[in-house]
Amino acid sequence: MKTLQGDRRIAVVTGASSGIGEATAKVLAGQGFHVVVAARREERIAALAEEIGGTAVVTDVTDPGAVAALAQTCEHLCDSLSGSINVLINNAGGAKGLTPVEQADLEHWRWMWETNVLGTLHVTRALLPRLVASGDGLVVTVTSIAAFEIYDGGAGYTSAKHAQSALHRTLRGELLGKPVRLTEIAPGMVDTEFSLVRFDGDRERADAVYSGLTPLTAADIAEVIGFVASRPPHVDLDQIVIRPRDQASATRASRQI
């Protein structure tokens with residue numbers, strides 16, 4: 001197979017304006033990748049790109065036009081750097097609300113499905129030809145323990161994460177025999193902006209999610225993603241579940257209060 005492997009390996013990270021995405025971009029840059037940081041908040045990703053020597057692309061993963069522009073930027077980078085797209089980190093996502101199905105907010109559900117599921121689909125589909133052509137591609141999809149667990153009030157988010165995981169695992173089979181590895185990262189409690197977004201900026205409610213225990217940090221997850229990216233081409237870490245020591249499941253945790 002003819003590949004586009006060149007002088008510079010390029011990694012694309014979505015949802016890179018904060019949290020796991022930002023931390024992962026820094027780790028990958030430290031490993032020598034030229035990192036394309038993609039997110040909606042221009043000021044944040046511009047500052048991050050300057051810090052790590054990467055490229056910022058304002059991207060809403062739910063907008064096919066924005067994703068097409070991201071892919072076009074990556075094409076230009078491959079040419080200018082004599083490089084190849086080797087890594088895609090599907091990190092954009094999130095939750096909104098915590099209401100029972102009977103009281104479900106349809107706009108919240110729509111946002112969660114479009115961001116977590118269709119966003120992952122848009123970006124993966126757009127960059128997949130380049131990942132395959134690199135001769136050594138890697139797709140990491142950051143899901144959640146919500147991808148295989150459920151909890152009261154969480155149907156919108158857990159159903160979206162179940163679907164995102166199914167998309168990723170299906171791709172694992174569809175790409176069998178091609179030079180692309182696929183890893184699903186399923187974190188438990190990580191202290192990022194996740195809960196703040198879920199509770200519409202309610203800081204007190206967001207902080208309560210992590211009270212009485214030590215949650216994971218974005219850096220904890222990024223370190224594991226960096227390990228995945230540093231494995232040789234024949235090693236595929238299919239799924240990695242990461243929880244804080246004090247969390248056994250989505251509904252069971254030990255809290256010292």
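Predicted model: local features only at pLDDT ≥ 70, side-chain atom pairs only at ≥ 80, totals over all residues.

Residues are numbered from 1 along each chain as its sequence is written, and side-chain values use heavy atoms, with hydrogens and water left out.

Let me begin with the cavities. A cavity is a set of points, on a 1 Å grid over the protein atoms alone, where a 1.4 Å probe fits but cannot get out; a pocket is an open set with protein on both sides within 12 Å along at least five of seven lines, and lining residues have an atom within 4 Å of a point. Grid points are joined across faces, edges and corners, and a volume is the space filled by probe spheres set on the points.

How many cavities of 30 Å³ or more does the structure hold? There are two. The largest has a volume of about 70 Å³, and its lining includes Lys 96, His 108, Trp 109, Tyr 157 and Arg 198. Helix α4 (106-133) gives the most to this lining, with three residues. Helices and strands here are DSSP runs, of at least four residues (H or I) and at least two (E) respectively, numbered from the N terminus.

The second largest cavity has a volume of about 30 Å³. Among the residues lining this cavity are Thr 14, Val 61, Asn 90 and Val 123. Here too, α4 provides the largest share of the lining, three residues.

I turn to the second largest pocket, which holds about 170 Å³ of space. Its lining has 15 residues, and Lys 178, Pro 179, Val 180, Arg 181 and Pro 233 lie nearest its centre.

Next, the charges over rings, where NZ of Lys or CZ of Arg is within 6 Å of the ring centre and within 35 degrees of the ring normal. Lys 96, already named in the lining of the largest cavity, lies over the face of Trp 111 at 4.7 Å from the ring centre.

The structure holds zero disulfides.

How values were computed. Disulfide = S-S within 2.5 Å.
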